[in-house]
Amino acid sequence: MKLALLVNPVASSVSGRDLVLLKKVLGKDHELVVHETSRQGHATRLAHRSYREGADAVFTLGGDGTINEAANGLLDTPCPVAPLPGGSTNVFARAIGYPNNAVAAASLALAALETGSIIRAGVGMADDRAFLFHVGAGFDAAVVNQVESRGTMKRIAGHPWFLACAVSTWLKQSRLKDGFAADFSDGTHLDGLRLAVTLNTNPYTFLGDRPLDLAPEATLTSELSVVALSSLSLNRLLPAAKLALFPDDEGLPNRGALHHLRDITSVTYSGTTPFRYQLDGEPHSPVNSLTVSYRPDALSVVVPAKPAEVRPS
């Protein structure tokens, strides 16, 4: 096979040693072309170019932003993508069953390619950009923005930095009154939202080895799910966090200030004042409106032979 490996050299856990080993693993029996990204959006162009040049599969070594960019370059093509963990959390790779080790994940991905363990996955679209696992608006996005604003702290402190940013952001936002609304394609309307996460797969993220499960029903072959809060009070946030850490089969409930909606094909978030959003862990500039929709069968994904989170199509 002809394989392309897209490497983000500044991702949190990408090392020279791992890259040498990956080249040996992937290039032992296959033709391997390696590209390094150098700027935002570069992986999108490299992935699409690799497809045009005849790659049988595109591997990415980087964080969730790198796999997101590559996926956007491979939408509606037959070329599959295989995510190798090289970031700080690696939500997407781990959610579809890969270990949090790039070399071990590469071996599993090669075995999956050889056995045809490839699914045609659905993606979410936030306006015109695809996301693989979730897009968050409001409080969630404000936390991500603060985490990413100091990349050095993210690399050094990891998950404790994320928790510190969550507390700091909550102290700033818990008393703010401005929220945003959600209008769903079936006519459902939610107002006064402070946080909304639209999920294309589960879990939402990982704290160390523990997943935060918001919507267990969300998979790459099902429609979207939405979990939203219309209050940031501790008596709303803490029970939701506990349920996410110790979930049941239903995920978070749909009652009171906590909303959990399933089988979503389209939702538009809108606010009278701009609100932040993040897409697959990458912060974006505030907007007054964001339309999120489901796009089925849009991307080929290499999954481990017996993935925990994905049903073969």
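Visitor: What makes the largest nonpolar core a core?
Guide: This is a predicted model. In it, the largest nonpolar core has 54 residues. A core needs buried nonpolar residues joined through side-chain atoms within 4.5 Å. F59, L61, L299 and V301 have the most contacts inside this core. Helix α5, residues 102-115, gives the largest share, eight residues.

Visitor: Which residues does L299 touch?
Guide: Leaving out residues up to four places away in sequence, L299 touches A71, L74, L75, V81, I119, R120, A121, V123 and L132. A touch here means heavy atoms within 4.5 Å.

Visitor: How many residues are in the second core?
Guide: That core has 23 residues and is separate. V135, F180, V267 and F275 are among them.

Visitor: How do you know what span to expect for helix α1?
Guide: Take 1.5 Å times one less than the number of residues. Helix α1, residues 16-27, has twelve residues. The expected span is 16 Å, and α1 reaches 16 Å from its first C-alpha to its last.

Visitor: Which residues of α1 are buried?
Guide: D18, L19, L22 and L26 are buried. Buried means under 20% relative accessible area.

Visitor: Why are they said to lie on the same side of α1?
Guide: They cover an arc of only 95 degrees around the axis, so they sit on the same side of α1. On the other side, G16, R17 and K24 are exposed. Exposed means over 50% relative accessible area.

Visitor: Why does the chain agree with a compact globule?
Guide: With 313 residues, a compact globule would have a radius of gyration near 20 Å. The chain has 19 Å, so the value agrees. Its C-alpha atoms fill a box of roughly 60 × 40 × 35 Å along the principal axes. Buried residues make up 53% of the 313 residues.

Visitor: How many helices and strands are there in the chain?
Guide: The chain has nine helices and 16 strands.

Visitor: What share of the residues score a pLDDT of at least 70?
Guide: The share is 92%, and the chain averages a pLDDT of 90. Over residues 307-313, the pLDDT is below 50. This stretch still has 16 contacts in the model, beyond near neighbours in sequence. Where pLDDT is low, the predicted coordinates should not be read in detail.

Definitions and conventions
Residues are numbered from 1 along each chain as its sequence is written. This is a predicted model: local features need pLDDT of at least 70, side-chain atom pairs count only at pLDDT 80 or more; totals for chains, interfaces and linings use all residues. Side-chain values use heavy atoms; hydrogens and water are left out. Buried means under 20% relative accessible area, exposed over 50%, partly exposed in between (1.4 Å probe, protein chains only). Helices (H or I, at least four residues) and strands (E, at least two) are DSSP runs, numbered from the N terminus. The arc is that of the directions from the helix axis to the C-beta atoms. pLDDT is the predictor's confidence in each residue, from 0 to 100. The radius of gyration is taken over C-alpha atoms; the globule rule is 2.2 Å times the number of residues to the power 0.38.
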